[in-house]
There are 2 protein chains.
Amino acid sequence: MDPLKIRILTEGKNLGGGILKVDGFINHQVDPELMDFCGRELAARFATVNATKILTAEISGIAPALTTAMHLQLPVVYARKAKPITMPDQIFLTLTPSHTKGRMVELIVSPEYLTADERVLIIDDFLASGQTIKGLVRLAQAAGATVVGIGAVIEKRFEGGRDVLTSLGVPIEAIAVITDMSDGKIVFAD
Amino acid sequence: MDPLKIRILTEGKNLGGGILKVDGFINHQVDPELMDFCGRELAARFATVNATKILTAEISGIAPALTTAMHLQLPVVYARKAKPITMPDQIFLTLTPSHTKGRMVELIVSPEYLTADERVLIIDDFLASGQTIKGLVRLAQAAGATVVGIGAVIEKRFEGGRDVLTSLGVPIEAIAVITDMSDGKIVFAD
């Protein structure tokens, strides 16, 4: 079993309702060695898609996207949820539902860093309902760029996100695929 | 001249009013090789402070804090600006003014990951007015932890943040120290 799955089983917490607490090593406190493993693993799985750029969403996508980018030697763009004053007036913006906030949030990318000639690899910490990743796909499409792959650290397959994204016809990879979290369980696909 | 300063001079933009646009390589699009250089450099400067944890603030602190953490082999905690549902009810919370948002924002850390025995190294992308870093210092102090150093990728020395933090008596380091941005200039300290 790989170090990520071991960590999920030993330190992750099934809080019920499909909520997996991994904020001791993924998305509040980050274990850099584990995150580097995740980046190396995702980089290996997308080694042949000829990506030119990695796209993720702030906040918790930044760490795995950065380590993947380090291993693929590609720039990474993180979509912002608020427009900084340094961004031009004309931007790519899409709305996506936020689980945590219970409302729609904006995902914003500057056209300076996402252009029609890019081959975009989307990386996020979780693939759950697929809504955030779908938002990132829309941003890439708005720029005229080509999405060439979708990668996540953890997939909650029972939330159906993979089905939502399959029509894109690109490889979808997750390091830890969880198929069942009912009754306090954490069951991996393999 | 180091690769960060070269990049600031060639690709950074002085937008006036003390605003430095570096979102092509630091805080919207990230150059992983440059960010790794920054992490290695900050790790070297704090090699002897015996830190046990790195503390930063989401969003743009995450990348430099993570690469510093990789080189020091320490866990990194990023303070959240909204409380995720996975966080306990009892938290450390402080308010800090946000330049970008023009209002106070919350900085939140879970007591699970910041405890009294920690020696905390604070890392952020910018040291400007010092207000965000002061907020992180308050969080560390609330936990009873010891702040042992403060590091930033870029310091805008003319905004006075260093003076605000000097009373802490800990080493304060920045890779690129900018002393003057008047009249469209970008002048480094050395």
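This is a predicted model: local features need pLDDT of at least 70, side-chain atom pairs count only at pLDDT 80 or more; totals for chains, interfaces and linings use all residues.
**Stop 1**

Select A:Met1, which sits in the segment before helix 1 (3–11) of chain A. A:Met1 counts as exposed, because its relative accessibility is 66%.

**Stop 2: helix 2 of chain A**

Next, display helix 2 of chain A, which has 14 residues. From first C-alpha to last, helix 2 reaches 20 Å, close to the 20 Å expected at 1.5 Å a residue. At the N-terminal end, select A:Asp31, which caps this helix. A side-chain oxygen of A:Asp31 lies 2.9 Å from the backbone nitrogen of A:Glu33.

Colouring helix 2 by accessibility brings out its buried residues, among them A:Pro32, A:Leu34, A:Phe37, A:Cys38 and A:Leu42. A:Met35 belongs to helix 2 (residues 32–45) as well, and A:Met35 is classed as buried because its relative accessible area is 1%, where the cut-off is under 20%.

Which residues does A:Met35 touch, leaving aside those up to four places away in sequence? They are A:Phe25, A:Ile26, A:Val30, A:Ala63, A:Pro64 and A:Thr67. For a distance check, pick the C-alpha atoms of A:Met35 and A:Gly12; these residues are 23 residues apart along the chain, and the atoms are separated by 15 Å.

**Stop 3: backbone geometry**

Most residues other than glycine have a negative phi, and most peptide bonds are trans. The following selections depart from that pattern.

Select A:Asn50, in the loop between helix 2 and strand 4 of chain A. A:Asn50 has a positive phi of about 55° although it is not a glycine. Its relative accessible area is 55%, so A:Asn50 is exposed.

Continue in chain A to the peptide bond from A:Glu58 to A:Ile59, which is cis, with omega near 15°. A:Ile59 lies in the loop between strand 4 (53–57) and helix 3 (62–72). Now switch to chain B, where the peptide bond from B:Glu58 to B:Ile59 is cis, also with omega near 15°. B:Ile59 is found in the loop between strand 4 (53–57) and helix 3 (62–72) of chain B.

Staying in chain B, select B:Asp183, in the loop between strand 10 (172–180) and strand 11 (187–188). B:Asp183 is not a glycine, yet it has a positive phi of about 55°. With a relative accessible area of 75%, B:Asp183 is exposed.

**Stop 4: salt bridges**

Over all chains, the structure holds 30 salt bridges. Select B:Asp31 and B:Arg7, whose side chains meet in a salt bridge (2.7 Å, N to O). B:Asp31 lies in the loop between strand 3 (29–30) and helix 2 (32–45) and B:Arg7 in helix 1 (residues 3–11), so the pair ties together parts that are 24 residues apart in sequence. Are these residues buried or exposed? Both B:Asp31 and B:Arg7 are buried.

Then select B:Arg45 and B:Glu173, which form a salt bridge of 2.9 Å, N to O. B:Arg45 is in helix 2 and B:Glu173 in strand 10, so this pair ties together parts that are 128 residues apart in sequence. B:Arg45 is partly exposed at 29% relative accessibility, and B:Glu173 is partly exposed at 26%.

Move on to B:Arg157 and B:Glu155, a salt bridge whose closest N and O atoms are 3.1 Å apart. Here B:Arg157 is partly exposed, at 36% relative accessibility, whereas B:Glu155 is buried, with a relative accessible area of 1%. Finally, return to chain A, where salt bridges that share partners join A:Arg7, A:Glu11 and A:Asp31 into one network.

Definitions and conventions:
Residues are numbered from 1 along each chain as its sequence is written. Chains are lettered from A and ligands numbered from 1 in the order in which they are written. Side-chain values use heavy atoms; hydrogens and water are left out. Helices (H or I, at least four residues) and strands (E, at least two) are DSSP runs, numbered from the N terminus. Buried means under 20% relative accessible area, exposed over 50%, partly exposed in between (1.4 Å probe, protein chains only). Contact means heavy atoms within 4.5 Å. The expected span of a helix is 1.5 Å times one less than its number of residues. A polar contact is a pair of N or O atoms within 3.5 Å; within protein, one must be able to donate a hydrogen and the other to accept it, and residues adjacent in sequence count only if both atoms are side-chain atoms. A salt bridge is a side-chain nitrogen of Lys or Arg within 4 Å of a carboxyl oxygen of Asp or Glu.
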